[in-house]
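The notes follow the order in which I worked.

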Amino acid sequence: MKDRVLSGMRPTGKLHLGNLYGALDNWIKLQDKDYERFYFVADWHALTTGFNESKDIPDNTIEMVADWLSFGLDPDKDTIFVQSLVKEHAELFLLLSMVTPVGWLERVPSYKDQIAQLGKSKTSNYGFLGYPVLMAADIIIYKAAHIPVGIDQVAHLEFTRELVRHFNASVNKDVFVEPKPLLTEVPKILGLDGRKMSKSYDNAIYLSDTEEETNKKLRTMFTDPRRKRKTDPGVAEECGIFMLHKIFTEKEKQQEIKSACANAEIGCVECKKLLSENLNSTLAPIRQKRAELLKSKDTIKDILTDGSLKAQEAAKNTLNEVKDAIFSTKRIG
Ligand code: TRP
């Protein structure tokens, strides 16, 4: 059996450049490797802290998956599915919850952080506390070995690994494998205001933005604050515009820009114009594919239904093993 890769995203809606080049790009790169790949929409996870926004989940799912597909995820190569369409995740979540010590959950670093960030009202629910168990179930039900995620998810994976050891020891059988995070170098991407690009900061450039919208946003974007006048030298590496040049502009030209910035030979307006051209020519075909896909949302839904059935086959196999290990092969259900 080939090693499996798995990752998921909450359906927060359309993706911005930070999501695309920080996370999704790594998923696409794995297509060249000899893995079986599973990528899913973590819609139940979205409910753990956002039950009041649950009405947006279906639309957000379609928008996000349109981004995935236009950016290069390929249903012929990757199994693309929706968590809530594979009910086996919920059954494994329930079984795992029987052996999960509550103290472990309270000690997960994001537990306290999120309570501080989101407040008690959004985080006092039992599902929020159990979130790491659900995430563990998502992963180990496929026996996935490699999990491409950001650094913020590493503590959750450590939790999963501990739970795997604990469960295997409890049933005296190595049913599950311990997954490892696949941390790849991610480019730093700043938003329009110089902070990290993020939907919640309202400072993002989206794949769904038109060329005109993108250009307008870039024109307002913060640059290196050292460059108050065109004659002030700057440090390209610390400029949000240059961080994007690193993605969209060819290497040689990047070097030119870097030294031109340091010597105050290029103005920020000109530098942004160059970026606009390069960024738009890269994104144009992707935007077009996205628009096409969204014309037939049923095609997207079909891809997700088919992918979910495929995922379910794999999930069922593991769940049967789990139930055999808990109840013996003479089990009734
Ligand atoms: N916890 C992830 C996030 O909030 C999403 C997620 C859920 C996930 N289950 C997963 C990621 C399993 C990787 C593997 O972004």
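**Ligand site**

I began with the side chain of Tyr131, where an N or O atom lies 2.4 Å from a nitrogen atom of the ligand. I bear in mind that the model is predicted. For Asp138, I found a side-chain N or O atom 2.8 Å from a ligand nitrogen. I also noted His45, which places a polar side-chain atom 3.5 Å from a nitrogen atom of the ligand.

I then looked up how much of the ligand is covered. On its own the ligand exposes 370 Å², and the protein buries 90% of that area. H9 contributes the most, with four residues.

I counted 14 residues around the ligand, and the closest are Arg10, Tyr131, Met135, Asp138 and Gln153. By class, I listed eight nonpolar, four polar and two charged residues in this shell.

**Helix H4**

I next asked which residues of helix H4 (residues 88-97) are buried. I recorded Glu88, His89, Leu92, Leu95 and Leu96. Viewed down the axis of H4, these buried residues fall within an arc of 130°, so they line one face of the helix. I set beside this the general rule that an α-helix has 3.6 residues a turn, so residues three or four places apart point the same way.

Finally, I traced the packing partners of the buried H4 residues: helix H2 (43-50), strand E3 (78-82), helix H9 (131-140), helix H10 (154-171) and helix H15 (297-327).

Methods
Residues are numbered from 1 along each chain as its sequence is written. This is a predicted model: local features need pLDDT of at least 70, side-chain atom pairs count only at pLDDT 80 or more; totals for chains, interfaces and linings use all residues. Side-chain values use heavy atoms; hydrogens and water are left out. Buried means under 20% relative accessible area, exposed over 50%, partly exposed in between (1.4 Å probe, protein chains only). Helices (H or I, at least four residues) and strands (E, at least two) are DSSP runs, numbered from the N terminus. The arc is that of the directions from the helix axis to the C-beta atoms. Contact means heavy atoms within 4.5 Å. A residue is near a molecule or strand if one of its heavy atoms lies within 4 Å of it. A polar contact is a pair of N or O atoms within 3.5 Å; within protein, one must be able to donate a hydrogen and the other to accept it, and residues adjacent in sequence count only if both atoms are side-chain atoms. Accessible areas come from the Shrake-Rupley method with a 1.4 Å probe; for residues, only the protein chains shown count as cover. Ala, Val, Leu, Ile, Met, Phe, Trp, Tyr, Cys and Pro count as nonpolar, Asp, Glu, Lys and Arg as charged, and the others, Gly among them, as polar.
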